[in-house]
Each structure stands twice: as structure tokens, then as C-alpha cells.
Amino acid sequence: MRAPLSVVIPTLNAQTALPTCLAALYEGVEAGVIRELIVVDGGSIDATCEIADEVGATILTTLPSRGGQLQAGVDAARGDWVLCLHADTELAPGWTDTVGAHMARGPDVAGYFRLGFDSGGASARVVARWANMRSRFFGLPYGDQGLLVSQKLYREVGGYRAMPLMEDVAMARALRRRLKGLQHLAVTSSAKYQAQGWMRRGARNLWTLTRYFIGVSPERLAAAYRK
């Protein structure tokens, strides 16, 4: 019986974070859960692709658009289930048991992880608590919490949209009530929060989400986000 899970990671100049992400996934290889690893690169100029190649990943190259990269990766996946992860996200040990239990319940509900940060103290805990509340009560987990979804359900809701920003929110809205929080931690990098300020970046993310909901295009949001 073939392993059920394809892992898809979109990357862009991720050589610093990617090794930690990949190391955590090895548990799934040992457990016979992971069938393949697909890294979809958006044109890295560092050692990202070399790192992916060293662990035997299938490497795809697309334009740098996270939504488009995820779309390409899932389209190429051969597993019955797909786990989409950001390159700077590390799944806590024991994740294979949680993922395996979720997959065993059937293909009609997707899952996401609880968010944590790799550093940042009290500020990190506040931001993570808000993110987990947003996910639970509003059904809006972000991409750094991962997405575990069956191919069946993914196709039913139309898949990822090829958009430069907010692709995770669009997917969460498409899934609606067919999305469940997994009681397991995904630890993401705090580097951008520490560089920009925890409250400042948190407020910026909330403002971006608000603008998306009132109809501002993902292209305009992405341009503003990169400034």
C-alpha cells in the first residue's frame, strides 16, 4: 500500500529556513506516511533548490506567486492527501500521529495546525493566541499553520487560486465549515515579526485582511505588502 501523503512547499530564497522544515518531515518518511515531497520554487537565487534536491524532493519552477506555486504543486501531487507547508514552518514532533488520525476519518474535512513561534516571548504568545482564535472562531487559518486536505475535497472546492497574496484566506473561505483545527503545533519563524515589530506587523496583517474582504485586489495588496 502506497503512502497517502504528498507534501507541497512553495519556496523563494528559503535556504535558511528550509532545512529545519525538512528535518521535521523526516518523521513522516520513517512512519511510511509521506509518499513524496514537492518543492515549488519561485526563482530562488540562493541554495534553496540544492537543499531540496539533496533530500530527493521533486522540484518544480514557476513564477513567484505563492498561490500559483501551491496550485502547481498540488496539481503534480500523486498522494490521496496533500499537506501544504511554508518553508519556514516546522511541525512539532509527533505530527504523524495527528495527521494519520485525521486522514483516517475520511476525505471530507481539511485540517490545519495550531500556530506557535520559534522565539519572541510574550509578544509571540499574544500574536499566536490571536491567530489561533481567528482560526477557531472565524475559520481563517493562514498558510503558516499548514493545510492538510484530501485531493477529493481540494478538487471539490476549486483548489488554490493563482494569486500573489491571500491565497490561504481564499482557500479557507472556500472550505468554510469543512475545515478543522488539529491539536498539534506548527512552529513558524518569528524573524519578520522581530524585524518589523510584533504589534506593527500584526496590525499590518489585519489591515491587509480587511482590505481583501472589502474587495481590494490581491495584486494591489501584494504590492503594498512588499513595501
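## Salt bridges

A search of the whole structure turns up five salt bridges, where a salt bridge is a side-chain nitrogen of Lys or Arg within 4 Å of a carboxyl oxygen of Asp or Glu. Please keep in mind that this is a predicted model, in which local features need pLDDT of at least 70, side-chain atom pairs count only at pLDDT 80 or more, and totals for chains, interfaces and linings use all residues. Residues are numbered from 1 along each chain as its sequence is written, and side-chain values use heavy atoms, with hydrogens and water left out.

One of the salt bridges joins the side chains of Glu36 and Arg78, at 3.1 Å from N to O. Glu36 belongs to strand β2 (residues 34-41) and Arg78 to the loop between α3 (66-76) and β4 (81-84), so the pair ties together parts that are 42 residues apart in sequence. Helices (H or I, at least four residues) and strands (E, at least two) are DSSP runs, numbered from the N terminus.

Glu36 is buried at 8% relative accessibility, whereas Arg78 is exposed, with a relative accessible area of 52%. Here buried means under 20% relative accessible area, exposed over 50%, and partly exposed in between (1.4 Å probe, protein chains only).

Leaving aside its neighbours within four places in sequence, Arg78 is in contact (heavy atoms within 4.5 Å) with Ser6, Arg35 and Glu36. Ala191 lies elsewhere: from Arg78 it is 113 residues away in sequence and 33 Å away in space, C-alpha to C-alpha.

Glu156 is partly exposed at 43% relative accessibility, and Lys152 is partly exposed with a relative accessible area of 43%.

Glu156 also forms a salt bridge with Arg178, with the closest N and O atoms 2.8 Å apart. This pair links distant parts of the chain, 22 residues apart: Glu156 is in helix α6, and Arg178 is in the loop between α7 (167-175) and β8 (179-188). Arg178 is partly exposed, at 30% relative accessibility.

## Strand β8 and its partners

Strands pair if DSSP finds at least two bridges between them. Strand β5 (residues 89-91) pairs with β8 in the antiparallel sense over three bridges, and strand β6 (residues 110-117) pairs with β8 in the parallel sense over eight bridges. Ala186 in β8 is the bridge partner of Leu91 and also of Leu115.

## Aromatic rings

Rings of Phe, Tyr and Trp (its six-membered ring) pair if their centres lie within 6.5 Å; planes under 30 degrees apart count as stacked, over 60 as edge-to-face and the rest as tilted. By this rule there are five aromatic pairs. Among them, Phe117 and Trp198 are edge-to-face, 5.0 Å centre to centre with 90° between the planes. Phe117 is in strand β6 and Trp198 in helix α9 (residues 198-213), 81 residues apart. Phe117 is buried at 14% relative accessible area, and Trp198 is buried at 11%.

Tyr193 and Trp198 form a stacked pair, 4.9 Å centre to centre with 20° between the planes. Tyr193 is buried too, as is Trp198. Ring pairs link Phe117, Tyr193 and Trp198 into a cluster.
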